[in-house]
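Here is a short briefing on one protein model.

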Amino acid sequence: MNNKSFYVTTPIYYPSDKLHIGHTYCTVATDALARYKRLCGYDVMFLTGTDEHGQKIEEKAKEAGKTPQQFVDDIVTGNGGILDLWKLMNISNDRFIRTTDDYHVESIQRIFRKMYDKGDIYKGAYKGMYCTPCESFWTESQLVDGKCPDCGRDVHYAEEEAYFFRLSKYAKPVQELLEGGEFLQPASRVNEMINNFIKPGLEDLCVSRTSFSWGIPVDFDPGHVVYVWVDALSNYITALGYLNDRYDDMDRFWPAHHIVGKEIVRFHSIIWPAMLMSLELPLPKSVYGHGWLVIDGGKMSKSKGNVVDPYVLADMFGVDALRFFLLRTFPFGSDGNFSNELLISTINTDLANDLGNLVSRTTAMVEKYFGGTLIAEREADDVDNELVELLKATAGKYEAQMDKFQLHLALEDVFRLIQRANKYIDETAPWVLAKDEAKKPRLATVMYNLLEALRVALTLLKPFIPASCDEALEQIGGTDFATWENAFLYGVLPETVSVHKGGTLFPRIDMNKALEALEAAKKKTEPKTEEVSKFPPVLPQISFDEFSKVDLRVCRILACEPMKKSDKLLKFTLDDGSGTPRQILSGIHQFYEPQQLVGKKVVAVLNLAPRKMMGQDSNGMLLSASFEENGKEELHLLILDDAVPAGFQIS
Ligand code: ME8
């Protein structure tokens, strides 16, 4: 064991919605790295958390009729929320930071003040193109076809008094850092940063807002809240106790390795190092920009209805199968096309056939031929050499890949060993050896080699599929021997090792049945999605007093005629109970003919300010239910039972 430290972080996710398979991908990958480093004996700090401030959350909370704090609490700590998801996925984070945590808020105010006192933050006015969903200002030259370069959505001109961070001052050292080689990975992302952002000229960064209030207040200038990226990026140091009393781990763990999705590499490899330079802190050891999981080549999105729910997949296929699939299939630095078919075939091929079978065949044979405990006698053969050599070499190759964050390649090395061991069974044909009592020592050697190959493979797979490896190690009698040091060695298990055949680790999945079940699970949740997306959200609450100001009355339609020169307008003469006929105009001719309506009881708002339409007064408004879909409008007047008298008030 050594006491080297390893600090690794995920992005802190926005709790604006339930997290999906993309977030799970990043967190599972980071978890595998953290577990790997722990296995290697490092003192590990694995941090994840949530980025809870900003305009988008404020708006979402409003739509949901909740305070922003209630809203984020529900998504983070509520049933089936983010904490539950990480627990389910067996995420071994050491800390979880929420940007609404008191200690973080306190630190951010101090960080802001520190950079201000240094002259790196100053007050100015921001004029530019703003993307609301990304909460980012862009210069004209950064826009792509006039749209936000990050999300492709519309931007609008915005201007506000704001504080700025002197990012321009740090352009040169940041460029040097990027060109240094090790900092930003994969290396292909370096040119992208330099060409797209640094070479066109780094402008100072707007770091406060006055247009919304759900953020950390700038304590020396009320009305300003700290812009979300300064708040968010600093989480990596506040969670270690930087400028707060909650923790005292900066010396022990800082600097970090940051694992982030490719779309936020810019913030982590340019803005974040510049902020750290301003704070005079060491720079991160690395930033790894991983690729996206896409569906049919495109982004997952709620509106397309193709967001993949990790809960559904984990429930159907198992947590480890899902973890494994994510890290085995997609090269970490590139985009990967997610599909259920690929998920199922990966589980069947690698986990059920290759790994699961090797464990169950080996333990079954040791039980059948040796009653579960090997004899000590051995007899080697040349055919053993290739397997034993590969067994001893695998951990080194795996280590080289893991240290470069090439998780899929590390897994490839482990599976090469597993496949080699399966081939070894065919080559040695233990069932033939078992027929001859004199071949028992040879049979014991074959079994021992298989168990040793499994011990190494399972030790190295532990960071990826921890629960299954623990179970399989137990079955092969390897629990106490699954250490990092042992992973490089042959001959670690006791000569007379005992096995315990257990249940099937990874059952084979029937592709068609599973796809049908997934389709059914999707249908079950569809109506909800429809409701949410089809109709506008509930408006903000009003008080009863406010509601009472609206005078809603039952009215009888005395007469109705089309307005000349208008395709839409109908002129209504109504009995509102007052004795004086009331005239209301309504643009509903495309839905009703006048003769359908005369004599009907409808509901009107009587105290709406009068309006003139085509030279005629309209003294109120008829209530109707309307809905637009695919550019086509549907409308239904509220027509009451004839028994309700005209003039009755509706409350
Ligand atoms: O950006 N494929 O939060 P966020 C792979 N709060 N990874 C994906 C993904 C996909 N389809 N979708 C999301 C934020 N991710 C900020 C971060 S950090 C100081 C602040 C992962 O909730 C990926 O890691 O939008 C991406 O960077 C992250 O989720 C974005 O999460």
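Strand 7 and strand 12 (residues 286-290) pair in the parallel sense over 2 bridges. Two strands count as paired if DSSP finds at least two bridges between them. Helices (H or I, at least four residues) and strands (E, at least two) are DSSP runs, numbered from the N terminus. The model is predicted: local features need pLDDT of at least 70, side-chain atom pairs count only at pLDDT 80 or more, and totals for chains, interfaces and linings use all residues. Residues are numbered from 1 along each chain as its sequence is written, and side-chain values use heavy atoms, with hydrogens and water left out.

**Parallel sheet**
- Gln185 stands opposite Tyr288 in strand 12.
- The pairing of strand 7 with strand 12 belongs to an open sheet of 6 strands, in the order 3-2-1-11-12-7, with parallel pairing.
- Strand 3 (95-98) and strand 7 (184-185) are the edges; each has a single partner strand, so one side of each lacks a neighbour in the sheet.
- Helix 11 packs on this sheet and touches strand 7, strand 11 (257-261) and strand 12. Contact means heavy atoms within 4.5 Å.
- The direction of helix 11 makes about 140° with that of strand 11. Axes are lines fitted to C-alpha atoms, for helices over the stretch in contact, and angles run from 0 to 180 degrees between N-to-C directions.

- A second open sheet has 4 strands in the order 5-4-6-8, with antiparallel pairing.
- Its edges are strand 5 and strand 8, each pairing on one side only.
- Strand 4 (residues 121-131) pairs with strand 5 over 3 bridges.
- Met129 stands opposite Trp138 in strand 5.

**Helix packing**
- Helix 1 (residues 21-39) and helix 13 (residues 319-329) pack at about 90°, with axes 10 Å apart.
- The two helices are therefore roughly perpendicular, a class that covers 65 to 115 degrees.
- Helix 1 contributes residues including Ile21, Tyr25 and Arg35, and helix 13 contributes Leu322, Arg323, Leu326 and Leu327.
- This contact divides into 8 nonpolar, 1 polar and 3 charged residues. Ala, Val, Leu, Ile, Met, Phe, Trp, Tyr, Cys and Pro count as nonpolar, Asp, Glu, Lys and Arg as charged, and the others, Gly among them, as polar.

**Pocket and cavities**
- On a 1 Å grid over the protein atoms alone, a cavity is a set of points where a 1.4 Å probe fits but cannot get out; a pocket is an open set with protein on both sides within 12 Å along at least five of seven lines; lining residues have an atom within 4 Å of a point.
- The second largest pocket holds about 660 Å³. Grid points are joined across faces, edges and corners, and a volume is the space filled by probe spheres set on the points.
- Its lining has 32 residues, with Trp138, Gln142, Pro149, Phe197 and Arg266 nearest the centre.
- Helix 7 gives the most to this lining, with 5 residues.
- The pocket lining divides into 17 nonpolar, 6 polar and 9 charged residues.
- Helix 14 (residues 340-370) supplies the largest share of the largest cavity's lining, 4 residues.
- That cavity lining has 2 nonpolar, 7 polar and 1 charged residues.

**Backbone geometry**
- Most residues other than glycine have a negative phi, and most peptide bonds are trans.
- Gln185 and Pro186 are joined by a cis peptide bond, with omega about -10°.
- The bond from Trp254 to Pro255 is cis, with omega near 5°.
- Glu280, not a glycine, has a positive phi of about 60°. Glu280 lies in the loop between helix 11 and strand 12.

Conventions:
Parallel < 35°, antiparallel > 145°, perpendicular 65-115°, else oblique.
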